[in-house]
Structure formats: C-alpha cells, structure tokens
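This briefing is meant to be read alongside the sequence and the coordinates. It is grouped by topic.

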Amino acid sequence: MDFAELVRGFPELTTTGLVQGAIYALIALGYTLVYGVLRLINFAHSEVFMIGTFGAIWTWAAFGLNSNSGAPSVGRALLVIALAIVAAALLSGSVALLIEVTAYRPLRRRNAPPLAFLITAIGASYALMELMGTLTRRRQVGSPALLPTDTLFSIGGWSVTPVQMLTLSVAIVMMVGLDWFVNRTRFGKGIRAVAQDANTAALMGVNKSRVIALVFVLGGLMAGVAAVFSDMKSGNTRYNIGFLLGLKAFSAAVLGGIGNLRGAAIGGVLLGLVENYGSALFGSQWRDLIAFVVLIVLLMFRPTGLLGESLGRARA
Amino acid sequence: MTALRERWHSASSAIGRRVDGLPKSARITGLLAFVAFLYVLPNKWFYEYLNIPGLWIPLYTTRNDMAAVLFYCAWIVLLSLGLNVVVGYAGLLDLGFFGFFAVGAYTVALLTSPESKLITEYNWLESPWPWLVTIPIAIALALLSGVLIGAPTLRLRGDYLAIVTLGFAEMIRIIAKNQDWILNGDRGIPQVAHPPGKYPDGTAIFQFEFKPYYWLLLTVIIGAVFLIRNLANSRVGRAWVAIREDEDAAELMGVPTFRFKLWAFAIGAAVGGLSGTLWAGQANFVNSSTFSLENSILVLAAVLLGGAGSIGGAILGGFLVIYIPEWLRSVGDVFGLPETATVFGNDFDVSPTSLRYFIFGILLIIVMIFRPQGLWPNRRRAAELQDRQKEVAVVE
C-alpha cells in the first residue's frame, strides 16, 4: 500500500486514467449496443477493435509515416489523424458488419440457441485474429510519433499532453453523438424499439435485420475510433492486442450495466481511473486484477451493473 | 440446400434408429471394440495404416507425435466432460473453468515437488509426497473452490454468471502469475512428481513419454463417463435438466435449484481439478501460463461443438478442437501445399500450419450454422431446440 505514491501522482494518474477509460468506454459501447438489442455477448468485437488499430497504422503508412519517420507539422499531423480515424472507423465498421452477416445472421434465421452464437463468435474471433497474425507475420507493428509529447497546458499540478487532450475531446464528441443518435433520431428509435421487443417492433414496420446491422456498424465505428487513440497512446499494436482490451472493455460494459449506453461510458471511465489508482496503490503488476475485483464486488451488490440494463426500456 | 440438409437429417436419424434397434449385446460389443481401438491408437505400427481408402490422406499427424496429440485430446476431453455437467446439464455458462484446473495442478505441484516452497522455505512438509496421495486432496480442494466460488455467484443468471466466473478465473491466474510467497510467480514449480509404476525391468512407466499418460487418461475418462452418466440418469440429473429448461418452474415444483446448481458447479470443478493433477504429472512443471482464458474458451467451444448435454458430444468435441488444428499442421505435407505466397512483393506464410486456427475458426462458424445443436446432441435437448425452430420468427 503506497498512499504517498497515490497522492503524489494523483493528477497524472487521473489524466492517464481518463484517457485509458475513454478508450475502454468507446469499445464498451460496441458490446453494450449489441447486447442491448440481441442479448448476445459479441466476443468477436475485440477483433473488430484490433483490425481498427491496423487500419490506422496502414493509413499512416500510406502517407509515408511509420515508427521511424520524424514528427510531421501539427497541421499535417491533425489531418492524417482525422483521416486515420475515418479509415479505421470504416474498416472496423465493415468488419463488424461482416461478422454479423456471416456469423450471426444465419443462426438467427434458424432460431438457434443462444450458446450457438457464442461459438460462432469464438470462431470469428479466431479467424480474424489468425488472419491478421499471418498478414503481419505475428510481429509488433509500431505507429508513428505524430504529435509532440510535451505538455500542452497545465493547471496547477494537472498537465495534459496533446494526445490526451485529443483523445478525450474526440471520445466525448463520439459518445455524445452516439447518445444523440440513439435517443433523438428515427434510426435510434428503431434501435430502441427492437431492443425493447424485437417481434413487436417488426410488426410495427421496423426492419429488424437493418436495425441489427446498423447496431453492429455503430459499435464497429466506435471501436475504430478507439483503435486510433490506442495506437497513439501505446505506440504500437499486435494481432492479439484485442484480447485483453476487449476483456476490459466488456468488463466496463457490465460494470455500467450492459445494454445501457451511458452505463458503458461511465463504466469505461471508472474502470480506467480505478485501474490507475489501484496500480499506484498496490503495484502495477496487479493492474489487471483490480479490474476484475471491482467488477465482481460491484456485481455482488448491484447484479445488473451501476445504471442497470436498459437500452430500450429507459425513455422508450 | 434445404433438401440436402433434410436428406442428411433423415439419413443420420435412420442410422441412430438402427443403432438403437441393435440388441444390447451387439451394442456393448461394438463399444468395447471401439474402446480397444482407442487403447491401440497411439502405437505407430497401428495408426500408420489408418488412411481414408482411395484418397490416401493420413488421419494421423505427421508434424507432431501422434501419442502427444492424443494425450492433449484426452486432456481436453476430460475437461469438456466436466464442463458439460455445468454447461450442458445444468445450463450454467461458466467461462472460467481453467481456474479449477489450476487449483488441481498447483495442489499436486506444491505437495510433490522438492522445489516447492512448502518444503524449502516454510518447512510445512518433511519431504515431497507421492503423486497418488495428492490426487484426492487436489480433487477435494477443487471441489471446495467450486463451492466457494459458486455459492456467492450462482444467484446471478446467464451472462452475468459468465462474466463473474471469467473474472474469478482471471484473478486466480493473475495471482498465480504475480505472487511469490508460495506459487513462485512466473517461474513456476518444477520437478512435479510423475505417477507411480514401474515396468518389470525396473524403469518407470510414467516419465516424459506421452503414451502411458494417454492410457492413464483414457482409463480415467472411462471412469468419469460412467460416473457422470449414472449421475445424469439419477434424481440429480433430472433436477439439472429441469433447471436448464425452466429454472422458475423447477423451483415451483420443489426442486432446490440453488443446491443442485451448486452441485453441478462443484462436480464440474472436481473433474477440472482431476484433469489438472494428471496434466501436472505429465508436464512436470506448473506455472500460470496454462490457465489462460483462451483455454477455458476452447473447452467451452468443445462442449458446444459436440453438443451440450451429451456425453458423446463432449468427447467428440473435446477430441476435435485439439485434433483438427494438429491435423491441419500435416495437411500441407500430404498435399504438397505451398508454404509461402507472394503478394505485391511481400512474402506471407500461408502454410496450413500457420493458418490452422484461421481454418478452425471458419470451421466452427460453418458447423454451428448447419448444426446449431452441436454435432452429437443429447436427444432431449435436440427436441427442445426443434421446438424453438418451429416458433415463428416474425420478420427476418
């Protein structure tokens, strides 16, 4: 127990925790959207994220930027980051759609038992991970240094780097945008209707298949955005990166109440913060343990997560 | 496509009916012959003649010792038999099965290794115990940990149970990886005892060769199959099926659901622990890397691929999830497939050896699309699913 370390590093731990939490939250949204509509744990979502990390790195490589090249000017850097976000989001979104069409839709058409979906998810996850492993020769791929690493601004003891600032602001924009989309638009109404009662929604003229596909694409877009920032934060990626991050993000989704969008966002940020404080307190080798301890203790007292599960039920 | 599927269904059910129609003596003879075949299987002189006639595709593995592959198959088969009780009979989704495996393996390692800290640092033991004595202790501890983890968590349902069991198994793994007081962290515990037994000429039977371990495991599996089968046909088994089909209705009918769920969980854990003891005896070394979540997921895939709730399905699934990837390693040699492909001037390793889990993943999807109930489902469960299929999906 190292309280001195926690107190001394508190501002820094909070910023890095928020950034990590924002990445968890963006991935968790994909789990929670699919769960809210289909009551299905989409285990292949971690690979959707993983492919997004490569999508971003390939985009940068197309501009001649790799881990050895020098930092470009700030304007150019922001431009390539924006392009990478678009490319990674599109790639992840289409992979998520591919998974839904090939691995889940045929089973739904046959009214298969829920556990069969779990196996096709595992199968899709294996296939995607191994495919990328072969394409990248199972090596770690570095991402270029795009933004300067010095402090952008600091208030009191709190200093923020450009990457952290960018991650947090884009994540907030994406989350607010998604919340608006689900709660305020016509498409969002369809999603909530299917989440509430799929068959009744279909009888009312909602195209169930299209709504489900839309949900997968939305989750994929979020994972793609998270992937870009994960690249910039850790500086590299690997074909099996999705596993642990996916697991944490899924825990975050359950923490907030799976099927609940705001819950996933809160759960992700909370998990990032608690992990950081905990690893300062107990030592960084226990970082991964803390996530699961928090999850289990919380589920003992609130069996449906912090905010409870509701995509359709609230504000229907 | 549909016609083809229906033909296949009618053909397979016709075979099933014919097997059922055989007199009991014939069925038992057939079963015994199959068991004998399994015992002979790891011998090279035997399996090298097992080819698909006409095609000459060896069913044995050319890149890896067949006895080793069979040992790993048997290992996963035993685990999937244990998990089948939890997932298949009682319908509890357990994603952390390897946690109990870890309990069994570490118990054996701590008690039998001369390097164990119980001996070298804490002096709790005078000398390492023999392997055989530690087995009941390991099974009892695994059972106990099943009860301890199950008691608070089994009140959760469905997916929440899955994530909590997953969390517990990961916690066991991370603790085993990081702590240094007893389990030696990542360095692990070496020199775990082998099972006892000597050939007439005085050399030990159980050393590093896989064949005797495969035979031992096969014998244990046969015992486990009898136990689980009898359990499933008893009052306990009927209670499990009732819980799986409708937990609330079972509770209303007077089935003490929580107690039976806990039983299923604990029995599964005990089988997992037993598998851990056998594995530790072969590997001679235990550290946390075997207990990864990937392995728990593989066992779950085995149970569901074979068909949840059926013993034959669990055995078939457990065999296939190890055997298919291992066999794919050797397919390239047989057909002379290229090892690398050049795309835009870059060489990629496209040999079936490196793509084997890619192919395996695709196979999992295809099998589940065409047989969502599993390859060899339990008849009652298959009927439950048939009912589901008849329910009309409104729009798709």
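The points below cover the interface, the core, chain B and selected parts of chain A.

The model is predicted. Chain A and chain B touch through 44 residues of chain A and 41 residues of chain B. The largest nonpolar core has 220 residues. Chain B holds 16 helices and two strands.

**Interface between chain A and chain B**

- The contact between the two chains involves 44 residues of chain A and 41 residues of chain B.
- On the chain A side, helix 4 (74-109), helix 5 (114-135), helix 8 (198-203), helix 9 (208-234), helix 10 (241-256) and helix 12 (287-301) each supply at least two residues.
- Helix 5 of chain A gives the most to this side, with 14 residues.
- Sorted by class, the side of chain A that touches chain B has 28 nonpolar, nine polar and seven charged residues.

**Nonpolar core**

- In the largest nonpolar core, of 220 residues, those with the most contacts inside it are A:Ala25, A:Leu26, B:Ala264 and B:Ala301.
- Helix 4 (residues 66-89) of chain B gives the most to this core, with 18 residues.
- Neighbours within four places in sequence aside, A:Ala25 is in contact with A:Ala171, A:Met175, A:Ala252, A:Ala264, A:Ala265, A:Gly268 and A:Val269.
- In soluble globular proteins, nonpolar side chains tend to be buried together.

**Chain B overall and its helix 8**

- Chain B has 396 residues, of which 44% count as buried.
- Among contacts in chain B with a separation of 6 or more, 75% come from residues 24 or more positions apart.
- Helix 8 (residues 158-178) of chain B has 21 residues, which at 1.5 Å a residue should span 30 Å; its end C-alpha atoms are 31 Å apart, in agreement with that expectation.
- Because 16 of its 21 residues are buried, helix 8 of chain B is largely enclosed by the rest of the structure.

**B:Gly237**

- B:Gly237 is located in helix 10 (residues 235-245) of chain B.
- B:Gly237 counts as partly exposed because it has 19 C-beta neighbours inside 10 Å, while a buried residue needs 20 or more.
- Apart from neighbours within four places in sequence, the contacts of B:Gly237 are B:Tyr89, B:Leu231 and B:Ala232.
- B:Gly237 and B:Val85 are 152 residues apart along the chain, and their C-alpha atoms are separated by 9.2 Å.

- Most residues other than glycine have a negative phi.
- A:Asn111 is not a glycine, yet has a positive phi of about 55°.
- A:Asn111 sits in the loop between helix 4 and helix 5 of chain A, and its 16 C-beta neighbours inside 10 Å make it partly exposed.
- B:Asn284, also not a glycine, has a positive phi of about 70°.
- B:Asn284 belongs to the loop between helix 12 (257-283) and helix 13 (293-306) of chain B, and is partly exposed, with 16 other C-beta atoms within 10 Å.

**Helices 6 and 7 of chain A**

- Helix 6 (residues 162-184) and helix 7 (residues 186-196) of chain A pack at an angle of about 75°, and their axes are 5 Å apart.
- Angles of 65 to 115 degrees count as roughly perpendicular, so helix 6 and helix 7 of chain A are described as roughly perpendicular to each other.
- A:Phe181, A:Val182, A:Asn183 and A:Arg184 of helix 6 meet A:Phe187, A:Gly188, A:Ile191 and A:Arg192 of helix 7.
- This contact has four nonpolar, two polar and two charged residues.
- Buried residues in helix 7 of chain A are A:Gly190, A:Ile191, A:Arg192, A:Ala193, A:Val194 and A:Ala195.
- The cover over the buried residues of helix 7 of chain A includes helix 2 (10-38), helix 6, helix 8 and helix 9 of chain A.

**A:Pro162**

- A:Pro162 is in helix 6 of chain A and is partly exposed, with 19 other C-beta atoms within 10 Å.
- Not counting residues up to four places away in sequence, A:Pro162 touches A:Leu147, A:Pro148 and A:Leu152.
- A:Leu214 is 52 residues from A:Pro162 in sequence, and the two are 33 Å apart in space, C-alpha to C-alpha.

Conventions. Residues are numbered from 1 along each chain as its sequence is written. Chains are lettered from A and ligands numbered from 1 in the order in which they are written. This is a predicted model: local features need pLDDT of at least 70, side-chain atom pairs count only at pLDDT 80 or more; totals for chains, interfaces and linings use all residues. Two residues are in contact if their C-beta atoms, placed from the backbone, lie within 7 Å. Helices (H or I, at least four residues) and strands (E, at least two) are DSSP runs, numbered from the N terminus. Ala, Val, Leu, Ile, Met, Phe, Trp, Tyr, Cys and Pro count as nonpolar, Asp, Glu, Lys and Arg as charged, and the others, Gly among them, as polar. A residue is buried if 20 or more other C-beta atoms lie within 10 Å of its own, exposed if 12 or fewer, and partly exposed in between; C-beta atoms are placed from the backbone. The expected span of a helix is 1.5 Å times one less than its number of residues. A nonpolar core is a set of buried Ala, Val, Leu, Ile, Met, Phe, Trp, Tyr and Cys residues joined through C-beta atoms within 7 Å. Axes are lines fitted to C-alpha atoms, for helices over the stretch in contact, and angles run from 0 to 180 degrees between N-to-C directions. Angles under 35 degrees count as roughly parallel, over 145 as roughly antiparallel, 65 to 115 as roughly perpendicular and the rest as oblique.
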